[in-house]
Structures are given as structure tokens and as C-alpha cells.
Amino acid sequence: MTESHVTETPTETPTETPTETPTETPARPLRVVAVSGSLHAPSKTTVLLKEILASVGRELPIAAHLIGVHEIGEQFAGALRRDQLPATIEAELDRIEGADLLIVASPVYRASFTGLFKHLFDFVDQYALVDKPVLLAATGGATATP
């Protein structure tokens, strides 16, 4: 960020001068994980996620990671339990669970999110998202033109 956010507190006596406190910067970049529930590439949903990541990155130092369900879906689609997942999917779940900020988006499919998107999150530990900020986004189809 280019501007400094300084809060001044009133002084007790007129001889004291207020001191500026520097803006707090994280000791490390925020781990931001974005998950696209789109089943296709190219995808409006993935483009939206990339724009959101870029916007957050302009405001804060981030380490971004993008997960595309269309790229990894075949690796977990048939699994019923987490212990059946390959190491590559386990690593993606670890990233989701360890993120400081989660940004998730899905195209709207029959008034809901995609099935593989939900199936991926079925493997996420139920307590891993407690107190974690999550930004939800969705993309919809275009209206037909006559």
C-alpha cells in the first residue's frame, strides 16, 4: 500500500507531541488460496478469481495459490474418504486448510455450485475453516439473445 494509515490519540498535556505509529505489515505474506470450481478452461470463474487475487495483491503482500478443479478433478472424483486421496490432492487440501485467506468461486450450475467443487470441500477438515476469512464468488451464464 502506498498510503500510510496513522491514528493519532489526543494528548494529555499540550507539551506532548503525538507520535506516529507505523502501519502494521505482516511478518510474512498472507497465504491466499483461491479455488475455482469451474469444470472448463478457459473459464470466466477462473478469470474472476485471478482478478480478485490481483486486487488483493495490490493492497497486501500475498503468496497466492490457485487451485482449478478442472485440473485436479480426475484425481479425487472417485475417492470416498480422505485416506484414498493421492499425495497431490492431500497437498492441495493442506494448502486450503493452512491458508490465511480463502477465495472460492464456482459457476452457477442448476442453481448451485459444481459437484466436484463440493466434493473437494467434503475432504476439508470441518474445523480447519473456523475463524478463517473466506470470500465467496460465483459466475452465472449470460442471457440468450434473440
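Helix α2 (69-76) passes helix α4 in a left-handed crossing, a term used if the near helix is turned anticlockwise from the far one by less than a right angle. Helices here are DSSP runs of H or I with at least four residues, strands are runs of E with at least two, and both are numbered from the N terminus. The model is predicted: local features need pLDDT of at least 70 and side-chain atom pairs count only at pLDDT 80 or more, whereas totals for chains, interfaces and linings use all residues. Residues are numbered from 1 along each chain as its sequence is written, and side-chain values use heavy atoms, with hydrogens and water left out.

Two packed helices are described by the angle between their axes and the distance between the axes. For α2 and α4 the angle is about 60 degrees and the axes lie 10 Å apart. Axes are lines fitted to C-alpha atoms, for helices over the stretch in contact, and angles run from 0 to 180 degrees between N-to-C directions. In this packing, V69, G73 and F76 of α2 meet L116, F117, H119 and L120 of α4, where contact means heavy atoms within 4.5 Å. The residues of this contact comprise 5 nonpolar, 2 polar and no charged. Ala, Val, Leu, Ile, Met, Phe, Trp, Tyr, Cys and Pro count as nonpolar, Asp, Glu, Lys and Arg as charged, and the others, Gly among them, as polar.

The protein also contains an open sheet of 4 strands in the order β2-β1-β3-β4, with parallel pairing. Two strands pair if DSSP finds at least two bridges between them. The edge strands, β2 and β4 (134-139), each pair on one side only. Strand β1 has these two partners:

| Pair | Direction | Bridges | Residues opposite each other |
|---|---|---|---|
| β1 and β2 | parallel | 7 bridges | V32 and A64 |
| β1 and β3 | parallel | 5 bridges | A34 and I103 |

Of the 7 residues in β1, 5 are buried, that is, under 20% relative accessible area with a 1.4 Å probe and protein chains only. Helix α1 (residues 44-59) lies across β1, β2, β3 and β4, and runs at about 155 degrees to β3.

The largest nonpolar core has 20 residues, of which V35, F76, L93, I96 and F121 touch the most other members. Such a core is a set of buried Ala, Val, Leu, Ile, Met, Phe, Trp, Tyr and Cys residues joined through side-chain atoms within 4.5 Å. Elements that each supply at least two residues of this core include β1, α2 and α4. Another core, of 10 residues, lies apart from it and includes V32, A34, I52 and L53.

Methods:
Buried means under 20% relative accessible area, exposed over 50%, partly exposed in between (1.4 Å probe, protein chains only).
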